[in-house]
Amino acid sequence: MVKILESIEDFAALINDMLKSDRDVNIAVGGFTGEGKSTFSTKLCKSYARIAKTYWGFDRMTWSRNEVIKWIDGGKNREGQLPEYSIILPDELFAMFYRRNWYEEEQIDGIATFNMCRDRHIMLCGNVPNFWDLDNAFTSRIRFYVYVPTRGVAWIFQQENNPFSNDNWNTQENKKLFRKHKNPFKIHNFVCEIHFDDWNPKEKEQYTNIRNTKRLQAIQQNKPEKQERYTNIKRQRDELIKLMFVNNPKLINKDIADIIGISAEAVRLIREGLR
């Protein structure tokens, strides 16, 4: 039998009870582009704010990892830190906590900051096309994974509370069950199905305005950071190539090129200090 909650308000009430009992509530909302991830997450945040009697507005959406950290932890002298029981909605978790960027200092610091969400009773609800593209250290901190298969429908999953499991999401097993049954209702981590309405015209306008403003700001802010990161990685790569030749003088340029995936000519230029 399908477990269906009457409304998002039921889920929001559960979140409120958990936060008040000093549990962390980090939520990731996944699904294909255009199916309603942002719609669901904003509706949930609005319902929770009404129950918890806290503030929610589209200005609490963000596309910046730095802003998330500032809202949780605060800057110098806690400047910019949001009040207890606040709501934070990162609209593109993929850009902030991508698993292939696990080594980035900013990403490591960002994940560590999530320890403070429970201390300060922060509700964090973020959107991502593919939940499994997120950093493993981040997905392990997610209490509820919401998947939006089509507009107006959301499937809620939670981590299994199993002291002997090294994968509390049961990823491989659940993948097989979903392929067999074509629905989530037999999946071990399944909680319920929620039906939700679309935005009204005013909400759509508010979302579009904040997205167009803050997303562009985040892109501009990240440009110098990405350039600096690329420069550092390139420098480390070049130093490693030179060290490999020092340790093994019999190596030829093509040997290194095949390993690293660049041209032999590029290896020669790096080896000779010409680039």
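How much accessible surface does the protein chain have, and what share of it belongs to carbon and sulfur atoms? After that, please turn to the part I have in mind: in which helix is the place of Gln206, and which residue's C-alpha atom is separated from that of Gln206 by 6.7 Å?

A: The model is a predicted one. The accessible surface of the protein chain is about 15600 Å², and carbon and sulfur atoms account for 50% of that area. The chain has 275 residues, 41% of which are buried. Its secondary structure consists of eleven helices and eight strands.

The part in question is helix α9, which covers residues 201–247. Gln206 has its place in this helix. With a relative accessibility of 33%, Gln206 is classed as partly exposed. The residue asked about is Phe58: its C-alpha atom is separated from that of Gln206 by 6.7 Å, although the two residues are 148 apart along the chain.

Glu203 pairs with Lys46, with 3.3 Å from N to O. Glu203 belongs to helix α9 and Lys46 to helix α2, so that distant parts of the chain, 157 residues apart, are linked by the pair. The two partners can be set side by side: Glu203 is buried, at a relative accessible area of 7%, whereas Lys46 is partly exposed, at 38%.

Helix α2, residues 37–52, takes part in another such pair. Arg50 forms a salt bridge with Glu9, and their closest N and O atoms are 2.9 Å apart. Because Glu9 lies in helix α1 (residues 8–20) and Arg50 in helix α2, this pair ties together parts that are 41 residues apart in sequence. Both ends are partly exposed, Glu9 with 33% relative accessibility and Arg50 with a relative accessible area of 48%. The model contains 13 salt bridges in total.

Returning to helix α9, one may look at Leu240, which is also placed there. Its relative accessibility is 48%, which makes Leu240 partly exposed. Together with Leu243 and Val246, Leu240 forms a nonpolar patch on the surface, and the accessible area of these residues together is about 300 Å².

A further salt bridge joins Asp238 and Arg237, again with 2.9 Å between the closest N and O atoms. Asp238 counts as buried, with 8% relative accessibility, while Arg237 is partly exposed, with a relative accessible area of 22%.

Glu92 has its place in the loop between β4 (87–90) and α4 (93–96). Its relative accessible area of 25% makes Glu92 partly exposed. Apart from residues up to four places away in sequence, Glu92 touches Thr62, Trp63, Asn127 and Arg215. Of these, Trp63 is 29 residues from Glu92 in sequence, yet the two C-alpha atoms are 6.0 Å apart in space.

Arg120 is found in the loop between α6 (115–119) and β5 (123–127). It is buried but has no salt bridge; Glu84, the nearest side chain of opposite charge, is 6.8 Å away. That distance exceeds the limit because a salt bridge requires the nitrogen within 4 Å of a carboxyl oxygen. Beyond its neighbours within four places in sequence, Arg120 makes contact with Trp71, Ile72, Gln81, Leu82, Pro83, Glu84 and Tyr85.

Helix α11 spans residues 264–271, and its buried residues are Ala266, Val267 and Ile270. Viewed down the axis of α11, these buried residues fall within an arc of 100°, so they line one face of the helix. In an α-helix there are 3.6 residues a turn, so residues three or four places apart point the same way. Just after α11, Gly273 adopts a positive phi of about 70°.

Technical notes:
Residues numbered from 1 in each chain as written. Predicted model: local features only at pLDDT ≥ 70, side-chain atom pairs only at ≥ 80, totals over all residues. Heavy atoms only, no water. Helix = DSSP H or I, 4+ residues; strand = E, 2+ residues; numbered from the N terminus. Buried < 20%, exposed > 50% of the residue type's maximum accessible area, 1.4 Å probe, protein only. Lys, Arg positive; Asp, Glu negative; His and termini not counted. Contact = heavy atoms within 4.5 Å. Patch = residues over 30% accessible without salt bridge, like charges linked within 9 Å, V, L, I, M, F, W, Y side chains within 5 Å. Areas by Shrake-Rupley, 256 points an atom, 1.4 Å probe, with all protein chains shown as cover. Arc of directions from axis to C-beta.
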